[in-house]
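Student: This one is new to me. Please pick a place to start.

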Amino acid sequence: MDIKNKIDCFVPCENAQQAQQYATQFVNEDEVAKVFMLTSDDTDVSEKTAEGIGTIQVENILSTETMLKMARNATADYVLFYMKTSPITLGYHALKRLVRVAADTKAALVYADHYSVEAGKVVRHPVIDYQEGSLRDDFDFGSLVLIDAKLLREYAGEAEKADYKFAGWYDLRLYLSRKGKIFHLDEYLYTEEEDDLRRSGEKQFDYVNPRNREVQIEMERAATAHLRAIDGLVDTKKYRQPDFTNGNFAVEASVIIPVFNREKTIRDAVTSALAQKTDFKYNVIVVDNHSTDETTSILSDIAKTDNKLVHLVPNRTDLGIGGCWNYAVNSEHCGRFAVQLDSDDLYSSEQTLQKIINAFHEQQAAMIIGSYRMCDFDLNTLPPGLIDHAEWTEDNGCNNALRINGLGAPRAFYTPLAREVQFPNTGYGEDYAMGLAFSRRFRIGRIYEELYLCRRWGGNSDAALSIDRINANNLYKDRLRTIELTARQQLNKQGDEEGAKSLEPFFTAN
């Protein structure tokens with residue numbers, strides 16, 4: 001296979017110095033036909049650039065405008081799209097390898113692992129495989145992708161009216177996933193400089209930062225259009241309503257706290273739960289997952305002075321957080337509603353539990369999700385502050401849930417349905433899995449005022465994760481989305497009558 005002149009490169013450029021870098025690095029590659037610099041109106045590239053380099057003015061690198069201009073200017077078989085303005089260094093024969101893999105796999109898009117320069121240090125940055133559920137708009141492809149130019153031009157023919165300012169690239173790669181294979185090459189093919197050195201615990205909430213609201217609205221539009229195209233949309237008009245008179249429960253609500261080795265925080269969490277003021281009976285179920293520190297002793301002491309605390313130690317030793325939740329909701333002690341409290345965290349006031357249970361009845365929802373404030377161990381607010389998931393809408397929140405990586409907290413469930421669905425027995429993502437499953441057929445209610453304090457401290461598991469842990473977490477949540485998307489497609493294809501039969505004792509029609 002002759003791979004000369006197979007690629008047209010499109011790279012953002014901020015100044016003449018960058019233009020020179022691209023000239024020497026891209027133009028001299030045998031695989032490259034032409035290089036186009038993507039510039040803004042105020043970019044200074046007045047110095048003479050090398051032969052084979054053109055300039056294209058765009059307002060935003062990731063906009064529909066940019067995707068369409070790439071399509072109109074590309075004449076080679078493939079388009080290489082670089083999405084950063086920071087320096088990049090191609091690996092040995094990197095472009096040759098990308099083209100050969102694209103040709104051999106007939107992929108719509110190929111992406112690869114890379115190295116990152118972080119604070120002057122070169123580190124490995126592996127990425128994960130793409131799957132049908134990789135719908136989140138922040139999926140990490142790295143900054144360099146190779147696109148089938150024919151499919152790019154087909155997209156351009158269908159996307160003239162899309163006009164996304166921020167979601168153009170997102171819309172394109174969703175389109176490519178519908179038309180062909182998104183292929184991950186597990187090889188380190190380039191080195192890029194990473195200028196966002198925030199810890200993972202800070203980055204993970206960018207999607208709910210109010211400053212990003214305009215971006216998120218566009219991303220939701222693109223995701224919804226994709227779900228419609230693949231028949232994965234939930235029709236909320238078919239939602240069923242819970243019958244809260246069903247079943248006999250000793251208490252109306254249970255606060256559920258799974259815990260393992262949290263001697264530093266468990267007393268605060270339990271005290272916060274036991275201090276709730278309600279007009280109904282409730283208890284606090286702590287599932288002590290065989291703690292080896294002083295957690296068990298602390299819980300035993302509290303239980304001696306307050307009979308609302310139910311201290312359970314499972315006879316199994318293979319339970320994750322999800323398994324501990326199942327142990328609690330399946331127990332005879334669990335109330336009609338099961339309400340989450342993590343062992344690190346606190347309720348914001350003594351009225352939190354009452355507000356949640358009121359919301360179940362007022363909103364006729366099978367699940368309620370509140371809002372929480374990020375804070376340190378001394379309760380000082382941390383960025384981005386209040387996490388209220390204001391992006392949720394009554395009609396489309398259940399669909400947009402497949403685009404984002406979390407649904408919020410605190411979470412509360414109608415117990416009969418939680419017993420029917422069951423949490424996956426994992427230590428991560430179990431709550432997200434339940435939220436997706438609930439929202440497939442039943443309304444999720446929201447409370448947008450602060451109910452909960454999410455405390456970040458040195459021992460928090462998600463404060464500063466390694467790239468391998470981030471990848472593992474993301475791969476699992478993508479898997480959950482793949483499972484849920486498949487279930488929704490089957491539901492739309494077959495109708496919901498069969499799927500609802502097993503839940504009939506707990507629900508009544510609208």
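Tutor: Start at Pro 384, which sits in strand E17 (residues 381–387). Helices (H or I, at least four residues) and strands (E, at least two) are DSSP runs, numbered from the N terminus. The model is predicted, so local features need pLDDT of at least 70 and side-chain atom pairs pLDDT 80 or more, while totals for chains, interfaces and linings use all residues. Residues are numbered from 1 along each chain as its sequence is written, and side-chain values use heavy atoms, with hydrogens and water left out.

Student: OK. What is the peptide bond from Pro 383 to Pro 384 like, cis or trans?

Tutor: That bond is cis, with omega near 0 degrees. The bond from Ala 409 to Pro 410 is also cis, with omega near -5 degrees. Pro 410 is in the loop between helix H12 (397–400) and strand E18 (411–414). Most peptide bonds are trans, and most residues other than glycine have a negative phi.

Student: Which way does phi go at Lys 106, positive or negative?

Tutor: Positive, at about 55 degrees, although Lys 106 is not a glycine. Lys 106 lies in the loop between helix H3 (94–105) and strand E6 (109–118). Gln 364 also has a positive phi, near 50 degrees, and is found in the loop between helix H11 (352–363) and strand E16 (367–376).

Student: Is Lys 106 buried or exposed?

Tutor: Exposed, with a relative accessible area of 67%. Buried means under 20%, exposed over 50% and partly exposed in between, using a 1.4 Å probe and protein chains only. Gln 364, at 25%, counts as partly exposed.

Student: Back up a bit. How many helices and strands does the protein chain have?

Tutor: It has 16 helices and 20 strands. Buried residues make up 56% of its 510 residues.

Student: Now H4. Which residues of helix H4 are buried?

Tutor: In H4 (residues 149–158), they are Ala 149, Leu 151, Leu 152, Tyr 155 and Ala 156. Seen down the axis of H4, they fall within an arc of 155 degrees, so they line one face of the helix. The arc is that of the directions from the helix axis to the C-beta atoms.

Student: And which exposed residues are on the face turned away from the buried side of H4?

Tutor: Lys 150, Gly 157 and Glu 158.

Student: What covers the buried residues of H4?

Tutor: The cover includes helix H2 (64–73), strand E4 (78–82), strand E8 (144–148) and helix H5 (168–179). Contact here means heavy atoms within 4.5 Å.

Student: Different topic. At what angle do H14 and H15 pack?

Tutor: Helix H14 (residues 430–441) and helix H15 (residues 467–494) pack at about 15 degrees, with their axes 10 Å apart. That makes H14 roughly parallel to H15. Angles under 35 degrees count as roughly parallel, over 145 as roughly antiparallel, 65 to 115 as roughly perpendicular and the rest as oblique. Axes are lines fitted to C-alpha atoms, for helices over the stretch in contact, and angles run from 0 to 180 degrees between N-to-C directions.

Student: Which residues make the contact?

Tutor: Among them are Tyr 432, Ala 433 and Leu 436 of H14, and Lys 477, Leu 480 and Arg 481 of H15.

Student: Last one: where is Gln 25?

Tutor: Gln 25 is in helix H1 (residues 16–25), and at 16% relative accessibility it counts as buried. Leaving aside neighbours within four places in sequence, Gln 25 is in contact with Ile 88, Thr 89 and Leu 90.
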